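The following exercises are intended to be worked with the sequence and the three-dimensional model at hand.

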Amino acid sequence: MIYFKKPIYVTRPLLPDLTKYVVKLEEIWNEKYLTNNGNQHKLLEKELKRHLNVPYLSLFNNGTIALMIAVQSLRLAGEVITTPFTFPATPHVLAWNGIKPVFCDIDITTLNINADIIESMITPQTTAILGVHVFGNPCDVHKIQEIANRYGLRVIYDAAHAFGMKINNRGIGTYGDISMFSFHATKLFHTAEGGALAYNDVYLKDRIDYLKNFGIKNEEEVVMPGINGKMNELQAALGLSVLEYVEDEISKRTVLFDTYKRLLSEVEGITICSNMSCYPDEIVHSYQYLVIKIDKELFGCTRDYVYAQLRNNNVFTRKYFYPLCSDYPCYKHIITASASNLPIANTIVKEVLCLPFYGDLTINDVEVICNMIRSYRNSGFSK
């Protein structure tokens, strides 16, 4: 018996009322201005600064280019300490900037870079720490900043999962030197493709905006070697339309999250990893992902078995982030990529599973998915 006749995907893009988007497209058609800091771009930048509660923000065509330019803008070199448990873009932007990623193991609870280990990995070549707010769980921003201050290091956060997050009523994008937000279609807020950098230093604004536009200052001056990272007007208009629906989407996801939590949190061997309540600070979560961890010894079968069985029943989950970045051929030669250096990450990567989570899901959908997962308990260690 297949429980779902139509596929249930891990996420679906939040799409606005098409007529509202068309209105914005008509504005673009009338203005005949498609890119390079047009009116839609300016308005979205203004609205996102307000929504994210950050003083300065620059928009980009995608999050990876934004993160590359974050590294460039801070003039990083040598080595940067980061996590192996993340999307490929995180270490790749270091490699593209000629920087050696130094992999630090993760915290077993939050799944973020383990701030207690970072200091032991600092060398004379270290210039920065690149943390990731994994699944919308914030890094230990206070301890990381203390370490950075002590050693004169820069701090960048990959906040791709952390749109709208706050710590003690402070926007997540105000921590560290720069935070990158991804606006890919799979994210809570999106512009189909897109991204942004948020930062506190007004002096970074010009440098970042030059770097994303070929280093062009004006019609007759090119002041640095830049790249094309501009967000166009069509993307910005979509973002403005989507932004109107974000709060409603969060409300729907809150109900779904509570349903997952009610049905799975008491199941032995299953831990809900997103929207953790283990922080001493007051956290406003992003509701980006719904992620569980499956302990095969306690649950009685492996994550991969659950993944395969759900897939057989038209429920498409994701093994985020499998494999570890440290296992990619391009990084395996790095000493810190060895499994012995990353015992927690190498355990967690075999246990986590990202479940379907988006506003168009029904409570009944979630209940069926949870019942399916519960039925797999004690299906055998070999599976």
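The model is predicted, so local features need pLDDT of at least 70 and side-chain atom pairs count only at pLDDT 80 or more, whereas totals for chains, interfaces and linings use all residues. Residues are numbered from 1 along each chain as its sequence is written, and side-chain values use heavy atoms, with hydrogens and water left out.

**Exercise 1. Cysteines**

*Solution.* 
Step 1. Check accessibility, where buried means under 20% relative accessible area, exposed over 50% and partly exposed in between (1.4 Å probe, protein chains only). Cys301 is buried at 0%, and Cys370 is likewise buried at 0%.

**Exercise 2. The largest pocket**

Describe the volume and lining of the largest pocket.

*Solution.* 
Step 1. On a 1 Å grid over the protein atoms alone, a pocket is an open set of points where a 1.4 Å probe fits, with protein on both sides within 12 Å along at least five of seven lines; lining residues have an atom within 4 Å of a point.
Step 2. The volume, the space filled by probe spheres set on the points, is about 440 Å³.
Step 3. The lining holds 26 residues, and those nearest the centre are Phe87, Ala160, Ser182, His184 and Lys187.

**Exercise 3. Aromatic pairs**

Classify the ring pairs Phe103–Tyr331 and Tyr305–Tyr376.

*Solution.* 
Step 1. Rings of Phe, Tyr and Trp (its six-membered ring) pair if their centres lie within 6.5 Å; planes under 30 degrees apart count as stacked, over 60 as edge-to-face and the rest as tilted.
Step 2. The whole structure contains 15 aromatic pairs.
Step 3. Phe103 and Tyr331 have ring centres 5.9 Å apart and planes at 75 degrees, so they are edge-to-face. These two residues are 228 residues apart in the chain, and both are buried.
Step 4. Tyr305 and Tyr376 have ring centres 6.1 Å apart and planes at 85 degrees, so this pair is also edge-to-face. Their separation in the chain is 71 residues. Tyr305 is buried at 17% relative accessible area, as is Tyr376 at 7%.

Terms used
Helix = DSSP H or I, 4+ residues; strand = E, 2+ residues; numbered from the N terminus.
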